[in-house]
Amino acid sequence: MVFEESNKAIYIQIADRICNEILDGNYPADARLPSVREYAGDLQVNANTVMRSYDRLQQKGIIYNRRGIGFFVSPEAREKILAEKAELLDDTQINEFFDLLYRLEISPDNLRMQYIRYLENKKTGR
């Protein structure tokens with residue numbers, strides 16, 4: 001995983017990645033997540049970093065722990081993630097995005113066409 005060079009801690013970036021994987025359907029409700037050590041190895045990070053990510057997600061009710069078995073996706077994970085992301089988009093990102101579109105003089109029609117192209121590429125895996 002390539003981590004952003006931003007103010008966002010790596011464990012938060014990992015938690016965000018897991019949330020995106022849940023939204024993408026890679027981890028459906030009640031699916032078992034990779035073990036902390038396995039995921040840390042895949043990402044080439046310290047296991048403690050992954051554990052912090054799992055703890056964060058568990059505190060939010062997105063995953064749950066079955067002692068001795070591992071971490072699993074909670075049945076309501078998808079809804080919780082969507083609500084959190086929608087709130088973030090409403091509060092901060094959408095106004096910045098619209099401001100950028102305005103400054104770049106990108107019309108709603110142009111944005112619509114670009115978004116349609118994006119969706120088509122997403123469906124075909126490009």
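This briefing describes the fold, the surface and selected residues of one protein chain. The structure is a predicted model, in which local features need pLDDT of at least 70, side-chain atom pairs count only at pLDDT 80 or more, and totals for chains, interfaces and linings use all residues. Residues are numbered from 1 along each chain as its sequence is written, and side-chain values use heavy atoms, with hydrogens and water left out.

**Overall architecture**

- Read from the N terminus, the order of elements is α-α-α-β-β-α-α.
- The chain has a radius of gyration of 17 Å, whereas a compact globule of 126 residues would have one near 14 Å. This radius is taken over C-alpha atoms, and the globule rule is 2.2 Å times the number of residues to the power 0.38.
- Along the principal axes, the C-alpha atoms fill a box of roughly 55 × 30 × 30 Å.
- Of the contacts in the chain with a separation of 6 or more, 48% join residues 24 or more positions apart; a contact means heavy atoms within 4.5 Å.

**Surface and charge**

- Buried residues account for 27% of the 126 residues. Buried means under 20% relative accessible area, exposed means over 50%, and partly exposed lies in between (1.4 Å probe, protein chains only).
- The accessible surface of the chain is about 9,200 Å², and carbon and sulfur atoms hold 49% of that surface. Areas come from the Shrake-Rupley method with a 1.4 Å probe, and for residues only the protein chains shown count as cover.

- Strand E1 (residues 63-66) pairs with strand E2 (residues 70-73) in the antiparallel sense, over 4 bridges; two strands pair if DSSP finds at least two bridges between them.
- Ile63 has Val73 in E2 as its bridge partner, and Tyr64 stands opposite Phe72 in E2.
- E1 and E2 form a hairpin with 3 residues between them, and Gly68 in the turn has a positive phi of about 80 degrees.

**Residues in helices**

- Glu21 belongs to helix H1 (residues 10-23). Glu21 is buried because its relative accessible area is 13%. Its contacts, leaving aside neighbours within four places in sequence, are Asn26, Tyr27 and Tyr39.
- Ala47 belongs to helix H3 (residues 47-59). Its relative accessibility is 28%, so Ala47 counts as partly exposed.
- Not counting residues up to four places away in sequence, Ala47 touches Val36 and Ala40. The C-alpha atoms of Ala47 and Arg37 are 5.5 Å apart in space, and these residues are 10 apart in sequence.

**Residues in loops**

- Asp30 is placed in the loop between H1 and helix H2 (36-43). Although Asp30 is not a glycine, it has a positive phi of about 70 degrees.
- With a relative accessible area of 42%, Asp30 is partly exposed. Neighbours within four places aside, Asp30 is in contact with Tyr64, Phe72, Val73 and Pro75.
- Asp30 and Asp90 are 60 residues apart in sequence, and their C-alpha atoms are 29 Å apart in space.
- Ser74 lies in the loop between E2 and H4. Ser74 counts as buried because its relative accessibility is 4%. Leaving aside neighbours within four places in sequence, Ser74 is in contact with Ala29, Gly61, Ile62, Ile63 and Tyr64.
- Glu105 lies in the loop between helix H4 (77-103) and helix H5 (108-124). Glu105 is not a glycine, yet it has a positive phi of about 55 degrees. Its relative accessible area is 72%, so Glu105 is exposed.

Definitions and conventions:
Helix = DSSP H or I, 4+ residues; strand = E, 2+ residues; numbered from the N terminus.
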